[in-house]
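Reader: I am new to this structure and would like to be guided through it. Could we look at it together, one part at a time?

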Amino acid sequence: MTSEVLSTDEKARPAEASSPRRVPLSRGLSTKLLLLTIVFVLLAEILIFLPWIASYRVNWLKERLSTAAAVSIVLLQGEPNSLSHTAQNDVLMAIGAKAIAVRDGGVSRLLVVADMPPKVDEHIDIANVGLVNGMTGALETLFAGGNRMLRVFGPVGDSDKEFELIMPDYSLRNAMLRYSRNVAVVSLLISLFTAMLVYAAIDLIMIGPIRTMTRSILSFSEAPDDPGRIICPTERADEIGVAERELAQMQDRLQRMLSEQKHLADLGLAVSKINHDMRNILASAQLMSDRLRQVKDPTVQSFAPKLLRALDRAVAYSEGVLAYGRTQEPAPSRRRLRLRQLVDDVHGLLDIEEGIEFINAVELTFEVDADSDQLFRVLTNLCRNSVQAMAADTESAVVRRLAVSAERLGSVSRITVTDTGPGLPPKARENLFAAFRGSARSGGTGLGLAIAHELIRAHGGTVELVESIGGRTVFAVTIPDQPVRLDQARNGLRRPA
């Protein structure tokens with residue numbers, strides 16, 4: 001039952017993990033861009049609509065006041081009282097007013113009147129309507145009008161008379177509602193058209209390339225070892241083009257890094273298998289070499305200790321390789337070492353062919369604070385690289401010399417390995433301490449310098465290439481002495497007392 005539940009969960013995980021990889025249309029950048037463009041255009045239309053509707057209201061009232069002024073002039077030429085009540089109502093209905101008056105010389109004269117309203121809700125001086133007052137009045141008419149009474153007055157044209165009109169605002173409100181509806185329809189069409197144009201332009205310039213980069217990232221994450229999944233950047237010179245090129249370079253570097261990591265993993269597995277069996281063989285050789293001590297031959301007695309030390313180091317290295325997959329290099333166990341003797345041991349282990357001169361220029365009394373086995377490995381790798389580089393020179397007149405020297409700079413020991421080889425090629429210099437890329441010879445792995453760099457860095461020191469030209473290559477290893485702890489120093493001062 002438990003296994004069935006686990007299998008069901010495991011089957012559900014890929015679907016859950018892959019669901020966020022596809023963005024729904026409702027949450028995509030394109031939909032958000034389209035909706036935001038429509039909203040922003042509508043907001044702009046609303047801001048523009050307020051002065052428009054105020055202007056429409058003022059113009060509408062001016063037209064009615066102009067009509068009333070024309071009627072007033074005609075009536076002033078005759079007798080206003082000669083109009084019947086029915087005719088007056090017809091005139092007022094045509095204008096949509098309750099009364100028409102004219103002011104001339106400070107005297108107001110009522111020309112036509114129907115039913116005089118009991119009160120007037122708003123007085124509008126048509127000649128002095130400002131922008132703010134106009135918008136405020138327009139909003140009041142739209143949202144609170146329909147049953148209000150307006151008094152509109154002001155000059156018309158070049159006339160020196162002032163005309164006055166009393167009228168309800170329901171006709172004005174209806175006209176403003178029709179105008180607002182037309183403006184809203186036109187604004188919506190403009191916003192849709194603008195949004196589609198903006199969407200098409202931005203989709204072509206931005207959203208489309210971003211969508212392509214997103215698909216490339218998702219495709220590359222599915223199979224990062226496939227070179228065909230790397231994005232092909234365009235030749236654009238803007239930010240999108242820079243992002244595409246950087247993404248392509250990043251994917252290429254990541255692919256090479258994954259390939260190297262896979263290579264390292266495969267190599268580590270193979271080396272671990274080999275070392276597992278080699279450790280047993282070396283253990284057997286160690287047992288047999290112990291019997292050499294019992295041989296009385298002076299030559300055998302002189303070589304036996306060196307052979308035993310070499311076998312001991314080989315066994316230790318094999319065990320370290322087996323443990324490397326689980327941990328890292330062990331912390332150095334530092335002691336005071338006589339460097340000249342250690343260099344002699346390195347010389348004895350090197351396979352130096354005839355014609356290559358080895359010089360141990362380290363003083364007899366020179367001491368270094370380091371781990372014996374780890375420093376031996378560092379010097380062995382550096383010296384072996386030098387010997388292999390000089391071994392390629394077959395001309396007898398060429399000087400082939402390897403020298404190891406040392407000096408102390410305060411509390412820092414500086415060990416120099418110098419050879420007269422051909423020098424390092426440019427590719428090896430660029431990837432000096434990178435495994436599988438920093439090799440100076442064809443078929444090399446570059447692991448020697450990588451191991452040396454890691455071991456010396458654990459000592460708090462450095463390995464650097466000082467010089468590399470034809471006929472002279474110099475590597476320098478610097479190792480600082482261990483810092484003295486204050487409590488230990490105090491205890492050491494108290495003991496003699």
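Reader: In what order do the strands of the open sheet come?
Author: In this predicted model, five strands make up an open sheet, and their order is 7-9-10-12-11. The pairing within this sheet is mixed.

Reader: And which strands are at the edges?
Author: Strand 7 (357-360) and strand 11 (462-469) are the edge strands, each pairing on one side only. From one strand to the next, the twist averages 15°.

Reader: Which helix packs on the sheet?
Author: Helix 9 (residues 372-391) does, and it touches strand 7, strand 9, strand 10 (412-419) and strand 12 (472-480). The direction of helix 9 makes about 20° with that of strand 10.

Reader: In which sense do strand 7 and strand 9 pair?
Author: Strand 7 and strand 9 (residues 401-409) pair in the parallel sense, over four bridges. Within that pairing, Phe 358 has Leu 402 in strand 9 as its bridge partner.

Reader: How many bridges join strand 10 to strand 12?
Author: Eight bridges join them, and the two strands run antiparallel. Ile 415, for instance, stands opposite Val 477 in strand 12.

Reader: What about strand 11 and strand 12, parallel or antiparallel?
Author: Strand 11 and strand 12 are paired in the antiparallel sense, with seven bridges. Leu 465 has Phe 475 in strand 12 as its bridge partner. The hairpin of these two strands has two residues between the strands, and Gly 471 takes a positive phi near 100° there.

Reader: Why is strand 12 described as largely enclosed?
Author: Seven of the nine residues of strand 12 are buried, so strand 12 is largely enclosed by the rest of the structure.

Reader: Let us turn to the helices. At what angle do helix 4 and helix 5 pack?
Author: Helix 4 (residues 131-144) and helix 5 (residues 170-222) pack at about 95°, and their axes are 9 Å apart. The two helices are therefore roughly perpendicular to each other.

Reader: Which residues meet there?
Author: From helix 4, Ala 138, Thr 141 and Leu 142 meet Leu 172, Arg 173, Met 176, Leu 177 and Ser 180 of helix 5. The residues of this contact comprise five nonpolar, two polar and one charged.

Reader: Is Ser 180 buried or exposed?
Author: Ser 180, which lies in helix 5, is buried, with a relative accessible area of 15%. Leaving aside residues up to four places away in sequence, Ser 180 touches Phe 49, Ile 53 and Leu 142.

Reader: Where does UniProt place the feature "transmembrane region"?
Author: The UniProt entry, which is unreviewed, places that feature at residues 33-54 and 183-207. In the model, residues 33-54 are 100% helix and 0% strand, and the end C-alpha atoms of this span lie 32 Å apart.

Reader: How far apart do the end C-alpha atoms of residues 183-207 lie?
Author: They lie 32 Å apart, and this span is 100% helix and 0% strand.

Reader: One last topic: what does Ala 69 touch?
Author: Ala 69 is placed in helix 2 (residues 29-77). Not counting residues up to four places away in sequence, Ala 69 touches Val 156 and Phe 163. The C-alpha atoms of Ala 69 and Phe 163 are separated by 6.1 Å, although the two residues are 94 residues apart along the chain.

Reader: And how is Ala 69 classed, buried or exposed?
Author: Ala 69 has a relative accessible area of 4% and is buried.

Technical notes:
Residues numbered from 1 in each chain as written. Predicted model: local features only at pLDDT ≥ 70, side-chain atom pairs only at ≥ 80, totals over all residues. Heavy atoms only, no water. Axes fitted to C-alpha atoms, helices over the stretch in contact; angles between N-to-C directions. Parallel < 35°, antiparallel > 145°, perpendicular 65-115°, else oblique. Contact = heavy atoms within 4.5 Å. Nonpolar A, V, L, I, M, F, W, Y, C, P; charged D, E, K, R; others polar. UniProt positions renumbered as here; feature names shortened; annotations may be inferred. Buried < 20%, exposed > 50% of the residue type's maximum accessible area, 1.4 Å probe, protein only. Pairing = 2+ DSSP bridges.
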